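Could you walk me through this protein in the viewer, one selection at a time? I would like to know what to pick next and what I will find there.

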Amino acid sequence: MVSRTKKRASLHTLGCRLNQSETLLIKQRLKADGYEIVPFGEPADLGIINTCTVTNLADSKCRQSIRQFTRQNPDAYTAVIGCYSQMGSKEIAAIEGVDLIIGNQEKMSVVDYIGQEKNEKPVIVREKISQDDFSISYFGDAPFNQRANLKIQDGCSFVCSFCIIPFARGASRSRELGNILLEAEAKANQGVRELVITGVNIGTYRMEEADLLRVLEGLNAVKGIDRIRISSIEPTTIPTELFHWMNDPQHALLPFFHIPLQAGNDKVLREMRRRYTISEYLEFLHLAHESVDSLYLGTDIMVGFPGETEEEFQDTCSVFLENPFNFCHVFSFSEREGTVAAKRDDQVPLEERQCRSAYLRRLSSKKRYDFYGAYLGTTMRVLFEDPKPDFWPAYTDNYIRVVVPRDAMNGEDLANRCAEVRLNRIAADFVEGEIVRMLD
Ligand code: SF4
C-alpha cells in the first residue's frame, strides 16, 4: 500500500506547448492540494506523465518515460494521461506499474481519479471527446515567472491525411473568452509577463462573436502582460490585422509567426490534404515579411510523406531556402494507424526519411545562423528568464536566443526583467549580448 502522506508528485510532459500548458495547470492543482512538486527523476509518491502520439517516435519516448518512472518508483501511484493514452491505452496498460490511464476528455480531472493505493490492473478512462466549447476551472496561484503558455482552443477539424491529432484531440473547439482572460489575469498576478497563445489550430478560434483578434485584443488589455506570442498557426487562418499590432510598440503582440508549410510541392500538399497551394502560402509569407518590421518566420516541414520523390523533396528545400524563413522544425513522416497516409503502399524507406530530415535540418541551422547574423551589432529588447549557472538567458521580441554572461552582471538579478541588449557574437545556437540599459 502506498502512503501518500509525503505527497511528492513528479510530472513529465512530452510533445507540444498545449501539453505543457495543461501539465502546468495540473501542477497548480496538485500544489493547492498540498503536494510538493519534485523534478522528474527524483523519488516521488505520485507520477503523472502527459503523453504525445504525434509520431511512432513520440509513442516510444512516452513508453520510455513511463518505464523510467515506474522502475525508479515501484511503489508510486502512476498516472498516464493525454494523446497517447487516448490512442494507445492497451500498449500503456501492458507496462508494469501503471495505475491509471486517462484520455484527453478527462485528463484535466486526473487529480480526482488518483487513488490511495496502487491498482492491480490499470484503470482506463477513455471517454468520447466532447465537441463542445469549454472553460478551465482551476488556474492556481503559485508564483510563476516570465513566459507561460495559455490555452485558447483544442482539437482540429482540418484532418490532414498524415495527422492523428484530430482523432487524439477531437474536433476544433474554443475556450470561453471570459475564462481565457481570467486565466491571463491570474497569470499576470503570478508574475507572468509573456503569454504564448496555444491550441491545436488557434486560427480557427470562434466563440459566439469572438475570434482570434478579439482574444488578442482582450489579452493586450490585461495589466502586467507585456508580451504576447502566437504559437504555431495554420496558413489560411491568419488575419492580416495582426501585422499592424505587431508593428505597434504599444501593443504586446510580438513580431513572430510559426506557420507550418509541411511541403514545398503542390502535389504533395494536395495529397497531405493541406488547404493551400505553394503560391498561396508564399503570397502570405511575403506579405507578412514586407509588412512587419524584424519579423521572425518559422515553419514546420514534414519529409518522407508517402510517394515523395527526391525531386519533390528538393522542391521543398528550394522553397525553404529561397523564401524569408528563419527556421524550420523538421518532422519525418510517421505512419499513424487510422490515417489515410498510413494506408498508402508507396511509403518512403525509413533511412531515406532520416537522410532528408538531416539534410533539411542543416539548411535550417544555416538559415537561423543568417537570421541571427543579420541582427549582430543591433540593440534589441529582451525578457530575461531564470538564470543558468553561467549566464542569463532571454529571447528578443523576434525570438533570437540571447545570453548575457553572469560574470558581466556583478550579481545583479535580471530574472523576469526587460532590457535592451546589444547583440555581439553568435555562439552555437544563441547570440551573446551585453546590456545597454535596463527597461525596468
Ligand atoms: S491542421 Fe492538419 S496537421 Fe495541424 S493538427 Fe489539424 S489535421 Fe493535424
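**The whole chain**

Keep in mind from the start that this is a predicted model. Show the protein chain as a cartoon and you will have 13 helices and 21 strands in view. The C-alpha trace spans about 60 × 60 × 45 Å along its principal axes. How does the radius of gyration compare with that of a compact globule? With 440 residues, such a globule would come out near 22 Å, and the protein chain has 22 Å, so the two agree.

The accessible surface of the protein chain is about 19,400 Å², and carbon and sulfur atoms own 48% of it. Of the 440 residues, 55% count as buried.

Now center on F162. Beyond its neighbours within four places in sequence, F162 is in contact with Q262, M272, R274, M302, F305, F333, R336, T339 and A341.

Move on to F284, which is found in helix 11. Leaving out neighbours within four places, F284 is in contact with I238, T240, F243 and I259. For a distance label, pick the C-alpha atoms of F284 and T236: they are 8.6 Å apart, while the residues are 48 positions apart along the chain.

**Helix 8 and its cover**

Select residues 212–220, which form helix 8; L212, L213, V215, L216, G218 and L219 are buried here. Which elements cover the buried residues of helix 8? The cover includes strand 7 (146–151), helix 7 (177–190), strand 10 (192–198), strand 12 (210–211), strand 13 (227–230) and helix 9 (241–247).

V111 sits in helix 5, residues 110–113. Is V111 buried or exposed? V111 counts as buried because its relative accessibility is 11%. Not counting residues up to four places away, V111 touches I26, R29, L30 and D33.

Step one residue along to D112, whose side chain meets that of R29 in a salt bridge (2.8 Å, N to O). D112 lies in helix 5 and R29 in helix 1 (residues 17–32), so the pair ties together parts that are 83 residues apart in sequence. D112 is exposed, at 53% relative accessible area, whereas R29 is partly exposed at 23%.

A search of the whole structure finds 36 salt bridges. Select D154 and R169 for another of them, with the closest N and O atoms 3.2 Å apart. D154 is in strand 8 and R169 in helix 6, 15 residues apart. D154 counts as buried at 7% relative accessibility, and R169 is buried at 2%.

Then jump to R356 and E308, whose side chains meet at 2.8 Å, N to O. R356 lies in helix 13 (residues 350–374) and E308 in the loop between strand 15 (296–303) and helix 12 (310–322), so the pair ties together parts that are 48 residues apart in sequence. Both R356 and E308 are buried.

**Back to the surface**

Finish with M87, V159 and F167, which make a nonpolar surface patch of about 240 Å². V159 is in the loop between strand 8 (153–154) and helix 6 (165–169), and its relative accessible area of 38% makes V159 partly exposed. Check the backbone too: V159 has a positive phi of about 50° although it is not a glycine.

R273 likewise has a positive phi, of about 65°, without being a glycine. Look for R273 in the loop between helix 10 (266–272) and helix 11; at 47% relative accessibility, R273 counts as partly exposed.

Methods. Residues numbered from 1 in each chain as written. Predicted model: local features only at pLDDT ≥ 70, side-chain atom pairs only at ≥ 80, totals over all residues. Heavy atoms only, no water. Patch = residues over 30% accessible without salt bridge, like charges linked within 9 Å, V, L, I, M, F, W, Y side chains within 5 Å. Areas by Shrake-Rupley, 256 points an atom, 1.4 Å probe, with all protein chains shown as cover. Salt bridge = Lys/Arg side-chain N within 4 Å of Asp/Glu carboxyl O. Helix = DSSP H or I, 4+ residues; strand = E, 2+ residues; numbered from the N terminus. Buried < 20%, exposed > 50% of the residue type's maximum accessible area, 1.4 Å probe, protein only. Contact = heavy atoms within 4.5 Å. Rg over C-alpha atoms; globule rule 2.2 N^0.38 Å.
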